[in-house]
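Here is a short briefing on a predicted model. Please look over the chains below before reading on.

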Amino acid sequence: MADYESKEAVTICCRPLHQFLATAEYEYHELVAFRVTAVIFLYVMKSILHIISLSTVLLSTLSINSNVIAQNGSPLTGLSALSESDIQSSAIAFVNTTSSPGLEGATLEVDDTQRESDQWRSSLGFTAEVTLKDHIFNAYWGLGLVTGSLHDRIQLTADTGEPVRLDMTRDVTSLRGSLGLIFPVNQHFKLRSVLTLAVSDLQTNSIVDGILDSNNNPTIQTFDNSAQLASTAGSLDALYWHWFDNYKLELSAHYNVIYTDSFSEDNPILDTHAWDSTAQLKSRFSGPTSLTTKARPWRWLVYANHSNFITQEKTALGYTGLFEIGTGLEWQLNVKPLDWFGWQYIGFSVGVITSRNVDGINVGITAR
Amino acid sequence: MINLPFKRQTKRIIFFTVMCTVLSSCVQPSVFKAEDYALIKSNYPIVVINGIDIEDTYKLDLEAGENSLVVVYNTYQYDYFCTFSWIAKAGTAYEITDQENNHPLTLFRWHRKNGLLTTRLDPVNPLECTQKPR
C-alpha cells in the first residue's frame, strides 16, 4: 500500500513492537497529565477517560505486518489495505457521530459480517433563544457536555492468511458552545444559523489478538493512545411548526459543515484535520393529555428523525445514516431560570434507531 | 466524600457561596409605580395601550383593571399586530413573549419564585393577530 511506503510510516512500521509499546505508554502518561489539567480547567470533566483509536490498532497491525515481512521476505496484502486515511476518518467519524450538533443520546449496535460494535452517546446541554429588541432577528446560544464510547470488534485476515481480531474501545468527552442568529420568516417558519465550537478528548485502547511472534506463536498486544480535537461547526437550520387546534406539528432540516483539527502526541497519524458534513431531517407531532402536575399539563409526542453523515465512509464505523422513531411525554413547566431564558418543557422519550446493519435505542430525558 | 486538603475545601466553599450569592441576586422583585398598579414587560414592542397609539416600548406601568394592548411580532415576511385584553391585578407583573404557540405571542403572569427562578403562569392568548405584509 502506498501509504506504508512513506518514510515515516516505514519507521513506525519497522520499529520493534516492544519499543513501540514502551513509547506509547510513556506518551500516554504525559497525555493523562494534560487531560487532568484540561479537566480542572473545564471543571465539568471529572474523570479521565480511556481512549482507543483505530489508528493505534492499525499501527500495531503495521508493526505486525513489518514483522511478518521480515520473516517471510515477501510483499503483504490484506491488512495492509488499510490506509492512514482510514485511520483518520475512523477516529474523526467517531467524534462527529457523537458530538455533532443536533444529535441526541443513543445506543447503537453494528452487526456486520466482519464487524460487531457497540456505540453509545449521551449529552447534557441547553439551548435558548434570546430576543434582541429593535431587531427582527434573535440570538441563539447553547452549551453542552457530550460523552460517548465505542467498542469495536473487527475480524481481519492478516496478509499471511492468519485471522487477526481487533478489539478497540474508544471514549470521547466533548464540551461545546454555540452562538447563532435566528431569522423569523413568518409566524410558522424560522431560519437559524449557528456556529459551534467544541473541544474533545479522545482515548483509545486497542487489543490485537492473533499476531504471530518470531516463533510463529499467536500473541495478544495492547495499545493505548489519545488525541485532542478542536471542532468548528457551521449549521444552517430550517424550522417549521403549525398548530391544528391543540396538536402541534414540527418539522426541521439541519445541515452542518464541520472542520476538525486533531492533535496527538503519541500517534502522528492523528495530527490531522478534516472537513465533514452531516444533515438531519426531524419531525415531531404532539398533543394534549388529561394529565396535570402542579396545574401544569403533560403532552404526548411522537417523532421520527433521519441523520445522514454525508461525508462519512461506511468503513469508518459501519454506517453512514440512522433513522429513529419514538414517543414520549413532556411536562410544560414554563420557568425562566435567572429570569433570563425560558424553559418550556421537560420530559422523557423512548426511541428505536435503525439502519442497514445498525440497531439501537434512545431512552432519555428531554428539556427544551 | 473526597478527602481534600483544608485549603482547597475552604476555597471551594467560598467559591460556591459567592456563586450562589451572585446567582440568587439574578431575579429581582418587580418594582411597581404605586399600590394600585401592575407592571408589564414585553419582548416585542407595545404600540397601542387602551386604544391610544404610543411610541414603541417594552415595559409599562398599568393601572389595575381591564387593559388592552397591541404588541407587534415582527418577522421578515409579515408584522403581526396582536391585541391582548385582560384584567390586570394590582401588584402583579405580566410578560408577553413568543413560544411558538398557536398565536405568535402569549401573555403570562410573571411570578418571582425565588432569587434563581421565575415562572410563567396563566397564559392568555391574544384576542386576534392581524397580519400585515412588511
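Residues are numbered from 1 along each chain as its sequence is written, while chains are lettered from A and ligands numbered from 1 in the order in which they are written.

**Confidence**

- The average pLDDT of chain A is 78, and 78% of its residues score at least 70. Here pLDDT is the predictor's confidence in each residue, from 0 to 100.
- Residues 1-78 of chain A have pLDDT below 50. Even there, the model shows 131 contacts beyond near neighbours in sequence. Two residues are in contact if their C-beta atoms, placed from the backbone, lie within 7 Å.

**Where chain A meets chain B**

- On chain A, 18 residues are in contact with 22 residues of chain B.
- Strands S4 (163-186), S6 (218-244) and S10 (321-337) of chain A each give two or more residues to this side. Helices (H or I, at least four residues) and strands (E, at least two) are DSSP runs, numbered from the N terminus.
- The chain A side holds 9 nonpolar, 6 polar and 3 charged residues. Ala, Val, Leu, Ile, Met, Phe, Trp, Tyr, Cys and Pro count as nonpolar, Asp, Glu, Lys and Arg as charged, and the others, Gly among them, as polar.

- Two strands pair if DSSP finds at least two bridges between them.
- In that pairing, Pro337(A) stands opposite Leu117(B), and Val335(A) stands opposite Thr119(B).
- Within chain A, strand S9 (residues 296-308) pairs with S10(A) in the antiparallel sense over 11 bridges. Val302(A) stands opposite Thr327(A).
- Strand S11 (residues 343-355) of chain A also pairs antiparallel with S10(A), over 11 bridges. Gly328(A) stands opposite Ser349(A) there.
- The hairpin of S10(A) and S11(A) has 5 residues between the strands. In this hairpin, Leu338(A) takes a positive phi near 60 degrees.

**Chain B overall**

- Chain B has 1 helix and 8 strands. From the N terminus, the order is α-β-β-β-β-β-β-β-β.
- Its radius of gyration, taken over C-alpha atoms, is 20 Å, whereas a compact globule of 134 residues would have one near 14 Å. The globule rule is 2.2 Å times the number of residues to the power 0.38.
- Along the principal axes, the C-alpha atoms of chain B fill a box of roughly 65 × 40 × 25 Å.
- Of the 134 residues in chain B, 22% are buried. A residue is buried if 20 or more other C-beta atoms lie within 10 Å of its own, exposed if 12 or fewer, and partly exposed in between, with C-beta atoms placed from the backbone.

**Nonpolar cores**

- The largest nonpolar core has 23 residues, and Ala91(A), Phe94(A), Val95(A) and Leu202(A) have the most contacts inside it. Such a core is a set of buried Ala, Val, Leu, Ile, Met, Phe, Trp, Tyr and Cys residues joined through C-beta atoms within 7 Å.
- Helix H4 (84-99) of chain A gives the most to this core, with 6 residues.
- Another core, apart from this one, has 20 residues, including Cys82(B), Ile96(B), Phe108(B) and Cys129(B).

Methods
Predicted model: local features only at pLDDT ≥ 70, side-chain atom pairs only at ≥ 80, totals over all residues.
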